[in-house]
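Dear colleague,

Here is the structure I promised to pass on. My notes follow below it.

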Amino acid sequence: MELFGSFKALGIEYGTLVMFVMLFVLLLTGMPLAFVTLMVALIFALGWFGPMAVPLITSNIFSFVSSFVFVSVPMFVLMAAILDRSGIARDLFDAMRLVGGRLRGGVAIQTIAVAVILAAMSGIIGGEVVLLGLVALPQMLRLGYDKHLAIGVVCAGGALGTMVPPSIVLIIYGLTANVSIGDLFTASFLPGLMLAAFYVAYVLVRAYLNPSLAPIPEPNETTTAEKLRLLKGLFLPLCVVAGVLGSIYGGIASVTEASAVGVAGVILSTIVRRDFSFGMLKGAGLQSLRTVGMIVWIGIGASALVGVFNLMGGINFVSSLITGISDNPTIVLLFMMLILFVLGMFLDWVGIALLTMPIFVPVIIQLGYDPVWFGVLFAMNMQVSFLSPPFGPAAFYLKSVAPPDISLGTIFRSLLPFICLQILGVMMLIAFPGITGR
Amino acid sequence: MSDKNTAEAGVDPRADKGAIEEAGRLGRAINAGGLIFAIGILCAAAILINEVFLRYVFNAPTIWAHETTIFICGLAFIYGGLYCAARDQHIRVVLIYDFVPPRVRRALDIVISLANAAAAGMFAWAAWSMVQRALFRPDGTVWIERSGSAWDPVYPGFLKVALFVVMIALCLQFLILALNYARGRK
């Protein structure tokens with residue numbers, strides 16, 4: 001029996017089913033996601049079309065690794081890696097004490113403010129959750145803050161990295177959906193702040209309803225000189241933020257160049273602060289290599305798979321399935337959100353973006369929605385995926401630096417109210433698309 | 001279901017555990033070679049900053065900066081996959097893997113490594129036809145693919161060769177991993 005092309009007999013319905021089952025089973029064995037998708041892509045390319053379809057996949061992949069916009073990913077990762085290794089975040093946290101002040105829940109609000117500034121500097125999560133977990137969590141626990149509130153603030157705040165521009169999630173979305181990344185960054189600015197504001201409001205409401213959750217620290221007067229010294233910690237990070245976002249919004253540099261400006265800014269800051277060393281730079285470079293290696297290879301596998309699936313006519317098939325569930329665009333949209341939400345519990349965001357967006361974005365455009373707005377919605381939805389059990393990465397990042405008596409179960413329980421706030425954010429974006437300014 | 005704690009930054013972003021032991025000598029070499037590409041990423045950043053500087057301060061942008069950064073980063077992207085493979089840091093779903101007894105896990109390790117090797121091998125074969133077109137004219141004479149821009153470097157041709165070479169190395173690495181898991185060497 002001729003193997004090449006024999007899968008075609010399955011028809012697209014069963015072909016899609018077989019593909020999903022194959023993906024699912026291989027993933028569950030513990031095989032790396034990147035190689036699962038690559039393998040399934042190749043099996044289907046050969047089984048459905050035969051060897052002549054294979055060059056199509058390789059050219060797909062080649063264009064994936066050689067786009068200029070994608071260069072911004074290692075740059076933002078590098079920036080975050082240097083940030084991780086310097087004392088910038090710690091100083092920033094100390095400086096933001098002036099913001100929280102003597103409010104109830106002040107340290108939690110201070111943490112969220114630091115998270116937003118860190119988020120505006122770099123665009124990835126991991127590092128931020130770890131930083132806040134090392135700096136802010138011990139402080140809150142020491143002051144007698146409710147454990148759950150403190151953990152939730154650290155994880156949810158850290159995850160903001162991919163909501164506030166610049167954000168890697170938006171960059172990858174922009175690449176797959178073929179929309180301007182500058183537009184995405186502009187549109188995601190307010191929604192990112194809105195989500196942060198939700199967190200602040202939640203902290204305030206909880207703390208004032210039940211003062212025992214967030215004790216006010218014993219008054220110790222900070223002198224003006226001390227305040228000035230603290231403010232210095234705020235100065236450098238704000239310069240970097242202004243440099244990165246300023247060059248993007250001001251139209252001075254492309255997103256990729258702005259990311260390099262950010263790297264320069266962070267390196268300069270470490271030199272000014274005197275914690276620059278070549279050992280640090282080497283460590284940061286190696287960490288960036290690891291991170292982009294993981295992200296890009298998931299991308300390689302996913303783009304190969306989507307390429308083959310598209311050739312099979314699978315994308316048309318799935319989009320007609322999705323649009324077929326209702327005549328009401330809102331219900332179709334909510335259904336997509338549900339799919340993203342469920343996938344987010346199990347897969348990481350790179351895989352989700354590259355596997356689903358080639359299917360979803362054309363449907364969205366066909367329904368008359370704005371793809372830029374949908375990108376922001378997607379980033380908001382991925383916020384949920386960072387926190388949602390059983391595999392919310394933010395929880396695992398925090399677990400790696402939290403005191404040993406804090407279990408994963410505790411962390412996930414603490415995240416529940418914040419997940420609800422994020423879902424509220426998704427709903428707000430759907431109900432009031434104007435928040436994105438589109 | 002994926003091992004999210006190794007996503008993006010690693011368990012502790014500052015820890016550098018090196019290649020896993022089962023990766024053998026090849027794994028250690030791959031791990032050491034990572035430094036070249038890490039420096040490459042740093043150089044790419046420097047080139048981009050230099051470009052912004054030249055354009056705005058001297059109003060003299062270069063024609064090589066963008067294509068060179070794409071090339072350097074492309075190499076790093078491709079090598080990064082090999083690097084993560086030698087260090088067992090690719091994102092994977094450990095839902096079941098973590099709950100099975102060590103004996104089953106070892107069997108899984110072997111099977112997964114073989115499957116990975118198969119995927120990489122098939123892909124290396126697929127990349128070969130791409131490399132052929134990037135290096136030779138249809139009549140068999142050597143001609144390296146160029147980008148077609150004003151500067152017209154040979155980067156695309158080289159990048160395709162790099163992809164092919166890395167795929168072969170990846171396949172070998174996974175075979176070595178499978179062998180060492182089977183031997184039970186720790």
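What area is buried between chain B and chain A, and what share of it do carbon and sulfur atoms give? The buried area is about 6500 Å², with 76% from carbon and sulfur atoms; buried area here is the accessible area (1.4 Å probe) that two parts lose on being put together, summed over both.

This is a predicted model: local features need pLDDT of at least 70, side-chain atom pairs count only at pLDDT 80 or more, and totals for chains, interfaces and linings use all residues. Residues are numbered from 1 along each chain as its sequence is written, chains are lettered from A and ligands numbered from 1 in the order in which they are written, and side-chain values use heavy atoms, with hydrogens and water left out.

The interface
Chain B puts 71 residues into the contact and chain A puts in 73 (contact: heavy atoms within 4.5 Å). The rule finds one salt bridge across this interface (a side-chain nitrogen of Lys or Arg within 4 Å of a carboxyl oxygen of Asp or Glu). Arg55(B) and Glu257(A) form a salt bridge through their side chains, at 2.8 Å from N to O.

Glu67(B)
Glu67(B) sits in helix α2 of chain B (helices are DSSP runs of H or I, at least four residues, numbered from the N terminus). Beyond neighbours within four places in sequence, Glu67(B) contacts Ser147(B), Ser149(B), Trp151(B), Pro153(B) and Tyr155(B).

Regards

How values were computed:
Helices (H or I, at least four residues) and strands (E, at least two) are DSSP runs, numbered from the N terminus.
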